[in-house]
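Me: I have a model open and some questions about it. Can we go through it bit by bit?

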Amino acid sequence: MNRIVSRIAALAAIVVAGLTLSACGYNTIPTLEEQAKARWADVQNQYQRRADLIPNLVETVKGYATQEKSVLTAVIEARAKATQVKVDASQLTDPEKVKAFQDAQNQLTGALGRLLAVSENYPDLKSNANFLALQSQLEGTENRIAIARRDYITAVKDYNTEIRTIPGRWWRALLYPDAEPMQNFTVSEETTKVPEVKF
């Protein structure tokens, strides 16, 4: 009978300890870290979707705008560079790696913008069904990229706040000493400049 009572008491103590640990934030740091990594994977997925659309867009434009080879070449080179710069979830605390990734993506965004601007000079291209469909898909992808980046920024904010505030700071010191703040996206200088308007 004493054995049964002691086993029940031990089981009750384990259940109470488990509930106490789960309610006190013990798992918050790894949970938030995994959420941020998942959001980063979504960012990469959306950038990859954009990179996959570019060859079709370039081929469609190439038939109409043969004299615009420099723009087409810039897009192809920017795409190649953007797909070579990889940042996996374990490198999200490295500011240089995240900045290199972001710079490569910004370069591709600029090249795509120039390509779409070139299309304005070709009325036949603007009415081409393939071009219009690809342009629409790229616009949708850019929106998805913006949403994925926003979600990643929010997840990183939550994670970084947790490891810097109490009680997360205590849990980090005790159990997760290798938990480092993750890097976030920054806005490039070109996007913050006010455009000049001349009449």
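Me: Which residues line the second largest pocket?
Reply: In this predicted model, the lining consists of Glu33, Lys37, Ala89, Ser90, Leu92, Thr93, Tyr159, Tyr176, Asp178, Ala179, Glu180 and Met182. A pocket here is an open set of points on a 1 Å grid over the protein atoms alone, where a 1.4 Å probe fits, with protein on both sides within 12 Å along at least five of seven lines; lining residues have an atom within 4 Å of a point.

Me: What volume does the second largest pocket have?
Reply: About 170 Å³, taken as the space filled by probe spheres set on the points, with grid points joined across faces, edges and corners.

Me: And how many of the lining residues are nonpolar, polar and charged?
Reply: The lining of that pocket has 6 nonpolar, 2 polar and 4 charged residues. Ala, Val, Leu, Ile, Met, Phe, Trp, Tyr, Cys and Pro count as nonpolar, Asp, Glu, Lys and Arg as charged, and the others, Gly among them, as polar.

Me: What should I know about numbering and cut-offs?
Reply: Residues are numbered from 1 along each chain as its sequence is written, and side-chain values use heavy atoms, leaving out hydrogens and water. As the model is predicted, local features need pLDDT of at least 70 and side-chain atom pairs count only at pLDDT 80 or more, while totals for chains, interfaces and linings use all residues.

Me: New topic, helices. At what angle do α3 and α4 cross?
Reply: Roughly 155°, with the axes of α3 (residues 69-84) and α4 (residues 95-118) coming within 8 Å. That makes α3 roughly antiparallel to α4, where over 145 degrees is roughly antiparallel, under 35 roughly parallel, 65 to 115 roughly perpendicular and the rest oblique. Helices are DSSP runs (H or I, at least four residues), numbered from the N terminus. Axes are lines fitted to C-alpha atoms over the stretch in contact, and angles run from 0 to 180 degrees between N-to-C directions.

Me: Which residues of α3 make the contact?
Reply: Val71, Leu72, Ala74, Val75, Ala78, Arg79, Lys81 and Ala82; on the α4 side, Ala104, Leu108 and Leu115 are among them. Contact means heavy atoms within 4.5 Å. By class, there are 12 nonpolar, 2 polar and 3 charged residues.

Me: How do α2 and α4 cross?
Reply: The axes of α2 (residues 28-62) and α4 come within 12 Å and cross at roughly 30°, so α2 is roughly parallel to α4. Residues of α2 in this contact include Trp40, Tyr47 and Ile54, and those of α4 include Phe101 and Leu112. The classes are 11 nonpolar, 3 polar and 1 charged.

Me: Where is Pro167?
Reply: In the loop between α6 (129-164) and α7. The peptide bond from Ile166 to Pro167 is cis, with omega near 10°. Most peptide bonds are trans.

Me: Then how do α6 and α7 sit, parallel or perpendicular?
Reply: Roughly perpendicular, as their axes cross at roughly 75° and come within 5 Å. Glu162, Ile163 and Arg164 of α6 meet Gly168, Arg169 and Arg172 of α7. That contact has 1 nonpolar, 1 polar and 4 charged residues.

Me: How far is Arg169 from Ile29?
Reply: Their C-alpha atoms are 9.4 Å apart in space, and the two are 140 residues apart in sequence. Arg169 itself is in α7 (residues 168-175).

How values were computed. Helix = DSSP H or I, 4+ residues; strand = E, 2+ residues; numbered from the N terminus.
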